[in-house]
Amino acid sequence: MFLVSAVAAVLTHLSALAQCPTNVPHITGTWTVLPYQMPINPISAHLLPNGKVLIVAGSENDARNNSTGAESYRAAVWDPTGTNESSISVQNLTYDVFCSGTAALFDGRSLIVGGTSDYSFTGENRASIFNPATSQYVQSQNMVDGRWYATATALADGRIMAMSGLTQTGGTSQTIEIYDLQNAGAGWNQPTSVPFTPPLYPRLELLPGGRVFYTGHGSGGSNANAWMFDPATGGWTPSATTSLDRSYGSSVLLPLLPPSYVPRVMNFGGGSPATRSTDIIDLSVATPSYTAGPNMSTGRIQMNAVILPNGKILAEGGSVNNESPDTPGKTADLYDPVGNTMGSAGTAAYSRLYHSTALLLPDATVLSMGSNPGNRGSYEPAIEIYTPSYLYDTNDHLITTNRPQITGLSFSGPIHYGVPFSVSYTSTSPISSAVLVRPGSSTHAMDMEQRLIGLCGGATSPCSARQPAKPHHAGER
Amino acid sequence: MLFLLDSAGVPSKAWFIQLTPNSYSSVPPSGTISAPSKDMTIPAGSAINFGSGTTASEYSWVFPGGTPATSTAQNQNVTFGVSGTYTISLTISDATGNSDPSPPTRTITVLPTSPDFSITVGPAAQEVVPGGSTTYTVTVTPLSGFTGTVNLSVGSESGFPTGITSGGFSPASISTGGSSSTLTMKTTTSTVPYALSLTITGTSGTISHTASTTLLVNLAPPTGLTATAGDAQVSLSWPASVGANGYHVKRATIDGGPYETFACPSGTSVVDSGLINGTTYYYTVSAAYTGGPDAGGESANSVQASATPQGVTAPPAPPTGLNTRSNKPGTIDLQWVQSPTPGVTSNGVYRRLMNGGIYPPTPTYTITPANTSFRDSHVSRGVSYCYKVTAINANGQSVPSNESCASTK
């Protein structure tokens with residue numbers, strides 16, 4: 001009886017405070033600003049297989065850093081479990097990787113494709129491989145085309161495809177080049193042609209079966225229709241028509257879940273003034289087309305969309321007018337693909353616009369950082385962490401120890417597709433699902449890498465933790 | 001990253017897993033038959049050891065005429081009891097499930113125990129247009145000491161349809177030693193499209209063997225399709241194809257298709273109306289025959305023709321050849337080639353920041369009267385900008401010109 005009274009008293013106290021909308025941790029999650037700042041402009045960010053974050057900045061959107069005699073091309077590795085700025089190690093690079101594309105090779109190293117040749121914006125045709133074990137960059141084979149604003153996409157067989165970007169002479173590349181780690185000589189395959197002029201940083205999603213879907217959208221423009229690319233043949237097929245310009249909007253391959261792993265791609269926001277709208281395409285049907293999804297709470301250009309382990313999508317940052325901070329953009333949205341609904345994900349402290357990045361971290365929180373609208377050479381150094389509602393109990397207390405913990409796997413070293421394995425864990429509640437999430441690679445309002453594959457869960461695929469049997473669920477790490 | 005989620009939806013921290021594609025290949029496997037190392041000729045009743053030198057997840061042998069008739073073993077002993085010529089194939093699959101797209105084969109010739117012959121015909125099919133003729137080569141191979149003359153004849157299951165005739169064999173019979181003869185098949189211009197299965201019979205005394213091939217009579221696609229643009233319509237015409245009694249007229253909005261059929265006229269012209277002015281449409285036409293119960297067919301598509309309907313009220317064509325350059329500090333000069341459409345009254349200039357900017361919905365500048373050059377002096381020094389130009393007349397604004405970018409001095 002005493003306990004019940006105490007709870008009632010607390011509830012009364014809370015409701016008295018709830019006079020205006022506030023962030024309720026167990027409903028919307030929370031946004032926290034870290035006590036230290038990012039020492040370089042985080043143009044792009046990639047989660048590494050050791051849990052650290054690779055930041056590739058190059059000349060940091062500052063032409064002075066790309067001028068003869070004053071070259072400054074920088075990158076950093078950040079350990080997000082650190083408590084002060086010493087967790088961030090900055091290093092200098094030998095060429096300008098500003099506006100490159102990054103995807104992970106199947107051995108866990110990162111391939112960094114292209115960059116900036118000069119600030120009239122011509123493309124760099126060099127590529128480098130970053131090794132997380134040594135924190136060193138090694139230049140790899142050159143591409144034929146220079147690529148400034150190229151998308152790098154890991155394919156089902158572990159190769160990495162580079163598309164679009166401005167070439168050495170400033171035109172838009174209309175070729176695909178594919179990097180093959182097992183092609184020790186040339187590295188890159190002979191370029192194959194693209195039958196249309198893509199926008200910069202085209203939004204690409206690898207599908208089950210190995211084909212690559214281009215949403216029709218990119219950074220700086222949209223095409224009249226989406227396209228499908230088959231890496232096996234180099235062939236392109238026109239796909240659904242697009243309905244509006246989603247320049248600098250985001251796209252996400254929605255969670256691929258058992259038993260049927262239906263591939264659906266969702267576009268968020270984009271354009272200026274930016275749209276609140278989303279649209280979704282189901283690529284399992286014979287003639288796919290875009291249909292409207294729920295609206296976000298505000299129009300977002302230069303936003304980021306992040307897949308959470310529970311399959312929901314965090315849509316955060318951006319603004320209605322490009323590079324013009326606004327208050328509604330600081331309030332994030334959370335898309336639930338199961339109910340096809342949009343909910344609130346709380347309010348961040350900072351606007352995150354052009355050159356902002358966001359990543360799912362290994363502790364299931366989300367990193368949000370960067371933004372340098374307007375003034376070149378200056379940027380927002382504050383780092384924010386979004387802690388989703390799933391890490392709060394019903395009393396709004398952060399769940400720290402009482403969460404599932406993986407203690408081991410039934411294999412060591414790399415694992416192949418289609419191989420069953422078992423997971424050892426401790427948990428006070430039964431395990432209901434297991435998912436693989438590929439570490440993200442975030443830049444220019446897109447994530448080239450993130451994808452979520454459900455291994456088990458739900459009524460039809462109860463968890464005896466089995467790997468997906470199909471090879472196209474590639475490269476999760 | 002592997003996450004476990006509990007029944008309340010609380011995720012674990014991630015455990016990193018490296019998934020490698022080593023067991024996966026997008027390259028299909030290629031199998032080899034190592035034994036026998038070449039095609040073989042054996043007497044009926046004897047056996048051959050078949051084997052593959054390729055390591056694979058699965059083997060699928062097919063032994064027509066053999067016992068066993070199939071096998072999934074890497075190596076298999078097979079007995080052939082009946083004379084004939086058999087094509088043995090091996091299809092291997094890898095661990096990913098890819099199968100060999102071009103399975104290797106061996107040809108096994110099984111000889112009769114008494115004198116005999118075999119007969120073959122090639123190619124497996126010939127295609128002609130109505131009125132055309134074609135030839136096949138018939139080859140007789142003596143087996144087990146066969147001597148004698150093989151007489152040749154050609155037929156089909158229910159006789160030849162109207163218009164198809166045999167031009168006979170040259171020579172009409174094949175004598176000892178093994179040789180070939182040429183069969184000619186003829187059609188008339190009234191022959192309807194048809195797939196005719198031909199049976200060639202070789203007879204020598206009491207011994208008779210047959211071989212089969214196919215004669216395809218197919219309409220030729222129309223040649224010289226023309227497409228003429230009008231206001232919201234395109235007029236199409238083409239010369240008649242021999243033997244056709246109708247045409248399938250097809251349209252696409254993408255160069256090269258895919259096409260969809262929108263008209264099935266019996267004549268050689270059609271008007272495609274209700275189109276959108278300013279859009280380029282791509283056309284092709286195929287010849288068709290829809291006659292008797294056994295006939296039917298459609299030719300391949302003709303060469304593509306295209307047309308862009310233009311209305312009297314259409315907006316102008318865009319300016320072309322836009323060039324930008326910073327000749328004077330703090331300014332950018334634009335030059336372009338004016339729209340060829342008469343009556344252009346002004347030009348719209350659209351500008352964006354090159355690095356990350358996007359174009360505004362309405363012109364940054366509107367230039368009246370229309371001109372072919374412009375100096376933009378509202379730009380910052382040392383910054384890169386991109387431009388597009390439109391043409392405006394009483395009917396509206398054109399689509400934009402090419403994009404051109406420059407850095408300000």
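One definition before we start: two strands count as paired if DSSP finds at least two bridges between them. And keep in mind that this is a predicted model.

Start in chain A. Strand β28 of chain A, residues 356-360, runs antiparallel to β29(A), residues 366-370, with 5 bridges joining them. Within that pair, L360(A) stands opposite V366(A).

Now widen the view. Which strands make up the open sheet in chain A? There are 4, in the order β1-β30-β29-β28, and the pairing is antiparallel. The edges are β1, residues 30-37, and β28. Each edge strand pairs on one side only. From one strand to the next, the twist averages 25°.

Over to chain B. Take β31(B), residues 346-353.

Last, the contact between the chains. Chain A puts in 52 residues and chain B 35. On the chain B side, β1, residues 2-6, and β2, residues 19-20, are the elements giving two or more residues. The most comes from β1(B), with 5 residues. By type, that side has 18 nonpolar, 15 polar and 2 charged residues.

Strand pairing crosses the chains too. β34(A), residues 431-437, is joined to β1(B) by 5 bridges, antiparallel. There, V435(A) faces F3(B).

That's my tour.

Terms used: Residues numbered from 1 in each chain as written. Chains lettered and ligands numbered in written order. Predicted model: local features only at pLDDT ≥ 70, side-chain atom pairs only at ≥ 80, totals over all residues. Axes fitted to C-alpha atoms, helices over the stretch in contact; angles between N-to-C directions. Contact = placed C-beta atoms within 7 Å. Nonpolar A, V, L, I, M, F, W, Y, C, P; charged D, E, K, R; others polar.
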